[in-house]
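Please open the model in your viewer and keep the sequence panel beside it. The tour below moves from one selection to the next and says what is to be found at each stop.

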Amino acid sequence: MADRSTQQRPSRPAATNNASIFLRKLQAHAPNSTQLVGFLTFLISASILLLLTGITVTVSVLGLIFFAPLIILSSPIWFPVGIILFLSVAGFLSICGVGVAVVGGLAWMYRYYRGMNPPGSERFDYARSRIYDTASHMKDYAKECGGYLQSKVKDAAPGA
């Protein structure tokens, strides 16, 4: 037993050693300068946008508070004017949209008939051939069915 007591125990690492290990681990996980600049840029941009959002909301609410009586008193004028403006702008934009669609369709037809093979011309040719085939099949079927009906009519009225 005396042998054990004479052996020296290894001393525990001092607090400074623990601190240096912690600092080394922290330094290993620390962001580099590019990441730090990116984070600071994000932080500054977010702060500016938050400030601008707050100013915008504040000015909007104050403007609504101050101009609410004027808006309420003049609303009988603004409502019909707004409806007329909305309908005229919507009609103008609709006419322009239809005009653009017509010009696009005419340009496609021009390219198709000139043989330039615009996009979708294969589907158009396939649909045209299907319609032609169906029409010819129906013509043949009508001839067959017409002959059959003609014979039935002769059977029903032999003198006719």
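Begin by selecting Tyr112, which is buried, with a relative accessible area of 11%; here buried means under 20% relative accessible area, exposed over 50% and partly exposed in between, computed with a 1.4 Å probe and protein chains only. Before going further, note that this is a predicted model, in which local features need pLDDT of at least 70 and side-chain atom pairs count only at pLDDT 80 or more, while totals for chains, interfaces and linings use all residues. Residues are numbered from 1 along each chain as its sequence is written, and side-chain values use heavy atoms, with hydrogens and water left out.

Rings of Phe, Tyr and Trp (for Trp, the six-membered ring) pair if their centres lie within 6.5 Å, and planes under 30 degrees apart count as stacked, over 60 as edge-to-face and the rest as tilted. By this rule the count comes to four aromatic pairs. One of them joins Trp108 and Phe124, whose ring centres are 5.8 Å apart and whose planes stand at 80°, so the pair is edge-to-face. This pair links distant parts of the chain, with Trp108 in helix 3 and Phe124 in helix 4 (residues 121-156), 16 residues apart; helices are DSSP runs of H or I with at least four residues, strands are runs of E with at least two, and both are numbered from the N terminus. Trp108 is partly exposed at 22% relative accessible area, and Phe124 is likewise partly exposed, at 36%. The rings of Tyr112 and Tyr113 also form an edge-to-face pair, because their centres are 5.4 Å apart and their planes lie at 75°. With all four residues shown, you can trace how ring pairs link Trp108, Tyr112, Tyr113 and Phe124 into a cluster.

Now select Met109, which is found in helix 3 and is partly exposed, with a relative accessible area of 41%. Its C-alpha atom is separated by 9.6 Å from that of Ser121, 12 residues apart along the chain.

Arg128 is partly exposed at 48% relative accessibility, and Asp125 is partly exposed at 31%.

Return to helix 3 and select Ser74, which is buried, with a relative accessible area of 15%. Its side chain makes a polar contact with the side chain of Trp78 at 2.9 Å; such a contact is a pair of N or O atoms within 3.5 Å, of which, within protein, one must be able to donate a hydrogen and the other to accept it, and residues adjacent in sequence count only if both atoms are side-chain atoms.

Finally, colour residues 39-72 and 78-108, which the unreviewed UniProt entry annotates as "transmembrane region"; UniProt positions are given in the numbering used here, feature names are shortened, and annotations may be inferred rather than shown by experiment. Residues 39-72 are 100% helix and 0% strand, with end C-alpha atoms 48 Å apart, while residues 78-108 are 100% helix and 0% strand, with end C-alpha atoms 44 Å apart.
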